[in-house]
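Q: Could you help me read through this structure? I would like to go one topic at a time.

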Amino acid sequence: MLPRRQFLRLAAGAAALPTVSRLAWAQPYPSRPVRLIVPFPPGGGAEISARLIGQWLSERLGQPFIIDNRPGAGTNIGTEAVVRAPPDGYTLLLVNAANAINATLYQKLSYNFIRDIAPVAGIMRVPSVLVVHPSLPANTIPEFIAYAKANPGKLNMASGGIGSGTHVSGELFKMMAGIDLIHVPYRGLTPAFTDLLGGQVQVMAASTAASIEYIRSGMLRALAVTTATRADVLPGIPTVGEFLPGYEASGWFGVGAPRNTPAEIIDRLNNEINAALADPKLRARFAELGGSVLALSPAGFGKLIAEETEKWAKVVKFSGAKTD
């Protein structure tokens, strides 16, 4: 038997445990560092976007937001890491257009993106631009469509890989224009641009950031941007939708969390991210990347993800694209 004094001391400690536990759970979020997983290699617009938002959140919320690059399998490795993480707000995902494409492109994903990732907030939308080699006798979208119809199966369309944004943007264009282009996938944009500049392929839908200097130098010709509205970085260049009503294809980024993450955490992150997107200095930084801010509520961001998933499912099925 325990001495009475020791027994009372232990009993008092045990009685205090629920209070300590409640206090721990009641600590304001975040009370420790947060990981923002970027499912891409270091460098590029995705990581820059994540770092800009991460720095803002670190300063506003008083805890480090650590950028954790987890590339591989077309963004699926990083995404799955967040799906499997505890739903406590301390592991977040840089959501992107590939997540919407991959839902149909990959047949054996171990997760359902719409079900397993809770939308938190949008960050940025990035336009692409349809560019052609200058030797092609087409200066406008109607001229290009007419030339492609007159030469079925003779034009090569480059992309950064099967199922990439550059691929599905081009496939959507083929589908809506009713033309036959031969898809030539590359392992990334660098070799794709090399062959486009050399004339081995004739057309590609690539990001404005990657294309802009080639367009300004006259090495490539811009026919149209792929977003619903014209891009400030390419004044005077029309949209594809002005000639093919309803066409829209763009890259976009946002933040997601594991499903069942508390609503109060999601709302706090959404409020802070939208405050960042309203900041003139940060807006200017996103404009430098060729993008426009995408300020949305969690429900609004979820709606965007659902619409993009449905749209790209149709395009992937039309193209017959498959992964190994």
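**Loops, confidence and packing**

Q: Where does Thr 75 lie?
A: Thr 75 sits in the loop that runs between strand β2, residues 65-69, and helix α3, residues 76-83. Please keep in mind throughout that this is a predicted model.

Q: And what is phi of Thr 75 near?
A: Phi of Thr 75 is near 85°, which is a positive value in a residue other than glycine.

Q: Is Thr 75 buried or exposed?
A: Thr 75 has a relative accessible area of 4%, so it counts as buried.

Q: What about Asn 260, where does that one lie?
A: Asn 260 is found in the loop between β9, which covers residues 250-258, and α10. Asn 260 has a positive phi near 75°, and it is a residue other than glycine. With a relative accessibility of 64%, however, Asn 260 counts as exposed.

Q: Changing topic, which peptide bond is cis?
A: The bond from Tyr 29 to Pro 30 is cis, with an omega near -5°, and Pro 30 belongs to the loop between α1 (4-25) and β1 (34-38).

Q: Let me step back, what pLDDT does the protein chain average?
A: The protein chain averages a pLDDT of 91, and 92% of the residues score at least 70. Over residues 1-25, though, the pLDDT is below 50, and this stretch has two contacts in the model beyond near neighbours in sequence. Where pLDDT is low, the predicted coordinates should not be read in detail.

Q: How many helices and strands are there in the protein chain?
A: The protein chain has twelve helices and ten strands. Of its 324 residues, 48% count as buried, and its C-alpha trace spans about 100 × 45 × 30 Å along the principal axes.

Q: Now some packing, at what angle do α4 and α12 pack?
A: Helix α4, residues 97-105, and helix α12, residues 298-319, pack at an angle of about 45°, and their axes are 8 Å apart. That angle makes α4 oblique to α12, and the crossing of the two is right-handed.

Q: Which residues in α4 and α12 meet?
A: On the α4 side they include Ala 100, Ile 101 and Leu 105, and on the α12 side they include Ile 305, Trp 312 and Val 316. By class, the contact of α4 with α12 has eight nonpolar, two polar and two charged residues.

Q: How about α2 and α10, at roughly what angle do they cross?
A: Helix α2 (residues 44-61) and helix α10 (residues 263-277) cross at roughly 115°, with axes that come within 10 Å. The crossing of α2 and α10 is right-handed. Among the residues that meet there are Ile 53 and Trp 56 in α2, together with Leu 269 and Ile 273 in α10. By class, this contact of α2 with α10 has nine nonpolar, no polar and three charged residues.

Q: Last topic, which helix does Ala 148 lie in?
A: Ala 148 lies in helix α6, residues 141-150, and it counts as buried because its relative accessibility is 1%, where the cut-off for buried is under 20%.

Q: Which residues is Ala 148 in contact with, leaving aside its neighbours within four places in sequence?
A: With those neighbours set aside, Ala 148 is in contact with Leu 155, Ile 179 and Leu 181. Ala 118, by contrast, is 30 residues from Ala 148 in sequence and 42 Å from it in space, C-alpha to C-alpha.

Key: Residues are numbered from 1 along each chain as its sequence is written. This is a predicted model: local features need pLDDT of at least 70, side-chain atom pairs count only at pLDDT 80 or more; totals for chains, interfaces and linings use all residues. Side-chain values use heavy atoms; hydrogens and water are left out. Axes are lines fitted to C-alpha atoms, for helices over the stretch in contact, and angles run from 0 to 180 degrees between N-to-C directions. Helices (H or I, at least four residues) and strands (E, at least two) are DSSP runs, numbered from the N terminus. Angles under 35 degrees count as roughly parallel, over 145 as roughly antiparallel, 65 to 115 as roughly perpendicular and the rest as oblique. A crossing is left-handed if the near helix is turned anticlockwise from the far one by less than a right angle, and right-handed if clockwise. Contact means heavy atoms within 4.5 Å. Ala, Val, Leu, Ile, Met, Phe, Trp, Tyr, Cys and Pro count as nonpolar, Asp, Glu, Lys and Arg as charged, and the others, Gly among them, as polar. pLDDT is the predictor's confidence in each residue, from 0 to 100. Buried means under 20% relative accessible area, exposed over 50%, partly exposed in between (1.4 Å probe, protein chains only).
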